[in-house]
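Here are my notes on this one, jotted down while going through the model. Have it open next to you as you read.

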Amino acid sequence: MSIGVPCMILRGGSSKGAYFLRDDLPDDPIERDVLLRRIMGSPDARQIDGIGGAHPLTSKVAVVAPASDPDADVDYLFLQVGVDDDVVSDRQNCGNLLAGVGPFALERGLLPQPEDGEFSTRIRMLNTESIATARITVRNGAPMYEGAAAISGVPGTSAAIHLEFEDLAGGSTGALLPTGEVADIIEGTSCTLVDNGMPVVVLVADTLGVSGYETPKVLEENRALRNKLEAIRGEAGRLMGLGDVSQTTVPKLTLVAPPRDGGHMCTRTFIPHRCHDAIGVLGAVSVATAALLDGSPASACFEGNGADIVRLEHPTGFFDAVIGLQTLSDGRIHVERAGIVRTARKLMDGIVFPRSD
């Protein structure tokens, strides 16, 4: 009989994941990843024998522990579990699951008992060794999930969780612009390689023969487009210092177009092979940053109003990112601030039983 593992499932932002205490998982990363694949039901396109939801957005894991850094309260490691392959990747952050880390840490007693009202906790994101501050609402000593905040891609409303990021730029590649350029030409296509929380290749949709307003299904079925994007992604990974990315989930790719639904720019994101029904949190921060860079391909599609809030349109609504950039005396771009609003909800708390292999 399989031995059960304590697990909480939370919706974080527009994703859903399994949250574990680090001490409840094997110390050895290889053993840990084997266990997580068995828990999620991978590799299997339906993940029928596990708790994964048969999509990258619902095959995610958060591993949480007391902070090993005095500047933080808790540590958070994000793991992307492949659906129909054996890959478990730690090469990226997930800002959606980040929204659930504070509530989970409170639920599991990793943080001091807070007073009712707004409670702040500093989270060290181990994937990129950066810090995020989460501000959540507490009632009767527990995280409050009910509230009036709505985010696109999620039905109904929940309590707002404010996330503010520190030193995101270059977390995966070493620089905001890994090549030092706001525009690079790859496979004959102009794009921006940017890393402000997530390595992303930002391209103008019509340079690839699509409008950028297609549904995710239509874009996924465009084999010529997907082949072109994968060729671009492979070269971009090398230029960004990520090496061979053929078996990894980064960099992501985002196609942009002028807005048409009241936002500042329209987006379609590949993660990296499936087209996202929305846009990832940290990917959105990187894309919004690219839009604000003078001379970038994305800037030609951006119709902002001069404020530091960038509203990105995506297939199921909008994503607002707060971005502040400063040009230093040496010409380098410095990210002064980056923030977002997300929500989270506890779905299940109990024991999960992994598949026996």
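1. Strand E14 is covered on both faces: Met-265, Thr-267 and Thr-269 are buried on one side, and Cys-266, Arg-268 and Phe-270 on the other. Keep in mind that this is a predicted model. In a regular strand, side chains alternate between the two faces of the sheet. Six of the six residues of E14 (residues 265-270) are buried, so the strand is largely enclosed by the rest of the structure.

2. Now for the neighbours of E14. Strand E13 (residues 252-257) runs antiparallel to E14 and is joined to it by five bridges. Across from Arg-268 in E14 you'll find Leu-255. With strand E15 (residues 309-314), E14 runs parallel, and two bridges join them. Here Cys-266 has Glu-313 in E15 as its bridge partner.

3. On to the rings. There is one aromatic pair in the structure. Tyr-19 and Phe-104 have ring centres 5.6 Å apart and planes at 40 degrees; planes under 30 degrees apart would count as stacked and over 60 as edge-to-face, so this pair is tilted. It ties together distant parts of the chain, with Tyr-19 in strand E2 (residues 15-21) and Phe-104 in helix H2 (residues 95-107), 85 residues apart. Both Tyr-19 and Phe-104 are buried.

4. Last, the largest pocket, which holds about 440 Å³ of space. It is lined by 19 residues, and those closest to its centre are Pro-56, Val-83, Asp-84, Asp-85 and His-273.

Terms used. Residues are numbered from 1 along each chain as its sequence is written. This is a predicted model: local features need pLDDT of at least 70, side-chain atom pairs count only at pLDDT 80 or more; totals for chains, interfaces and linings use all residues. Side-chain values use heavy atoms; hydrogens and water are left out. On a 1 Å grid over the protein atoms alone, a cavity is a set of points where a 1.4 Å probe fits but cannot get out, and a pocket is an open set with protein on both sides within 12 Å along at least five of seven lines; lining residues have an atom within 4 Å of a point. Grid points are joined across faces, edges and corners, and a volume is the space filled by probe spheres set on the points. Rings of Phe, Tyr and Trp (its six-membered ring) pair if their centres lie within 6.5 Å; planes under 30 degrees apart count as stacked, over 60 as edge-to-face and the rest as tilted. Helices (H or I, at least four residues) and strands (E, at least two) are DSSP runs, numbered from the N terminus. Buried means under 20% relative accessible area, exposed over 50%, partly exposed in between (1.4 Å probe, protein chains only). Two strands pair if DSSP finds at least two bridges between them.
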